[in-house]
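Thanks for coming, everyone. I would like to take you through one model this morning, going from the single chain to the pair and then to a few individual residues. Please have the sequence and the structure open while I talk.

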Number of protein chains: 2
Amino acid sequence: MSDAKEKPADPAPESSVPKAVVSRLSLYLRELQHLVRDGHETTSSTQLGKVLGFTDAQVRKDLAYFGQFGYPGIGYRCDELIREIRRILGTHRAWPVAMVGAGNLGRALLGYKGFEQQGFRVVAAFDIDAGKVGQHIEGVPVYNFDRLAEVVREQAIQLAIVAVPAAAAQAVAEKLVAAGVEGVLNFAPVTLSLPEHVQTVGVDLAIELEQLSFAVVNRPEKV
Amino acid sequence: MSDAKEKPADPAPESSVPKAVVSRLSLYLRELQHLVRDGHETTSSTQLGKVLGFTDAQVRKDLAYFGQFGYPGIGYRCDELIREIRRILGTHRAWPVAMVGAGNLGRALLGYKGFEQQGFRVVAAFDIDAGKVGQHIEGVPVYNFDRLAEVVREQAIQLAIVAVPAAAAQAVAEKLVAAGVEGVLNFAPVTLSLPEHVQTVGVDLAIELEQLSFAVVNRPEKV
């Protein structure tokens, strides 16, 4: 099969798409953004797959969950595919995000440029430390955690990042849910237990190091 | 197939194992660690899979890449499977790790308890800021970046975390490689280009938020 364009025949309902496919969409998006920065206007499933270490068939199969995006003899138009993937991921519009915890990790995340580039704007941070409340960190106002519900409603915040110590994470997440937040990105090293309608993604930074140690221990030339 | 124990018949050479399987090993390990903390001595592929949202067949297939770890009528012994997975991941021994960059992100990562729990001990941090050099952050000494090669050799450091601004990341990574580091965990939002024998894992924190926005946009009840 080529990257030929067809009417999106019968794309899968998005909720049935495997998680691994959705995370590869993010990788395709980053690679397309690199290509555009380097002056490329079009690409192919072969080129996209090669950089990321996937087969061209894998790339086409992943994208086919959502429609047909290629053109015969051209491949993919980078700008168009970027727009489509952002629409699928929901990042074609900016998300206002709340950051709970303005300690080292919260501060680091407030300064992380990658969020804004991808459509996430942290508009409010919360802490219980009176020394931090009222400050601006990286341009973001720090509110007393008491004011969470009020600020979340005022700013129509749907997503929140939890960057508090493990012992506080569950209680913080419950307050977020009560305030109307619908998605929680959790950096605390605990598993949150929240109502089913609330989406949670946990970030375990040690997993990345484990993948690295596996790769180092099992380098091909050593086997 | 049951979780029956057999002699590791013919496990795959580790370098041919798909990356997705290796990252699931980390998830199995975390879940086993939770089970042990909760007082469980044994578990099954069904139980392990259920919590993580995988089928029992998937769990068994993943583990079968590395051998046979179950016992008939018992399932998996948690402690034993933890030991085996750590051996496979290379985290049965402690890795001394270097942190380059002691800004907000570096400081946050130095305070991240999850690393040490999983066998990674950050033993040295490096920065070019004279105001930071000589300090201890979370008990870790901060050295002048000039002393990288010397300290890496002295402490036999093989893994390093790059937490510097994007513009500096490639140059920093090249110095790490010249000093003998074999694996680089990169938090800077750029793709590093390093010799093939050096393993790199890039962390893109915005990907996690994209997965979250997709999940919120496509909640089953909305489709």
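Before anything else, a word on terms: when I give domain bounds, they come from an automatic or database domain assignment. Please also keep in mind that this is a predicted model. With that said, chain A is divided into domain 1, covering 14-89, and domain 2, covering 95-207, and the centres of these two domains of chain A, taken over C-alpha atoms, are separated by 30 Å.

Of the 223 residues of chain A, 40% count as buried, and if we take the contacts in chain A with a separation of 6 or more, 57% of them are accounted for by residues 24 or more positions apart.

Let me turn to the sheet. In chain A there is an open sheet of seven strands with mixed pairing, in the order E5-E6-E4-E3-E7-E8-E9, and its edge strands, each of which pairs on one side only, are E5 (136-137) and E9 of chain A. E8(A) and E9(A) run parallel and are joined by four bridges; as for individual positions, A:Asn186 stands opposite A:Gly202 in E9(A).

The contact itself takes 53 residues from chain A and 53 residues from chain B. On the side of chain A that touches chain B, at least two residues each are supplied by several elements, including helix H1 (19-37), helix H5 (104-110), strand E8 (183-186) and strand E9 (199-202), while the largest share, 13 residues, comes from H9(A). By type, the residues on this side of chain A divide into 26 nonpolar, 17 polar and ten charged. Since 100% of the interface residues of chain A are also interface residues in chain B, the copies meet through the same surface.

What about the interior? The largest nonpolar core holds 127 residues, of which A:Val100, A:Ala160, A:Val162, B:Val100, B:Ala160 and B:Val162 touch the most other members. Leaving aside neighbours within four places in sequence, B:Ala160 is in contact with B:Val97, B:Ala98, B:Val100, B:Leu176, B:Val181 and B:Val184.

A:Cys78 has its place in helix H4 (residues 78-89) of chain A, and it counts as buried because it has 21 C-beta neighbours inside 10 Å, where the cut-off is 20 or more. Its contacts beyond four places in sequence include A:Leu32, A:Leu35, A:Val36 and A:His40, and A:Glu31, 47 residues apart from A:Cys78 in sequence, is 9.6 Å from A:Cys78 in space, C-alpha to C-alpha.

Key: Residues are numbered from 1 along each chain as its sequence is written. Chains are lettered from A and ligands numbered from 1 in the order in which they are written. This is a predicted model: local features need pLDDT of at least 70, side-chain atom pairs count only at pLDDT 80 or more; totals for chains, interfaces and linings use all residues. A nonpolar core is a set of buried Ala, Val, Leu, Ile, Met, Phe, Trp, Tyr and Cys residues joined through C-beta atoms within 7 Å. A residue is buried if 20 or more other C-beta atoms lie within 10 Å of its own, exposed if 12 or fewer, and partly exposed in between; C-beta atoms are placed from the backbone. Two residues are in contact if their C-beta atoms, placed from the backbone, lie within 7 Å. Ala, Val, Leu, Ile, Met, Phe, Trp, Tyr, Cys and Pro count as nonpolar, Asp, Glu, Lys and Arg as charged, and the others, Gly among them, as polar. Two strands pair if DSSP finds at least two bridges between them.
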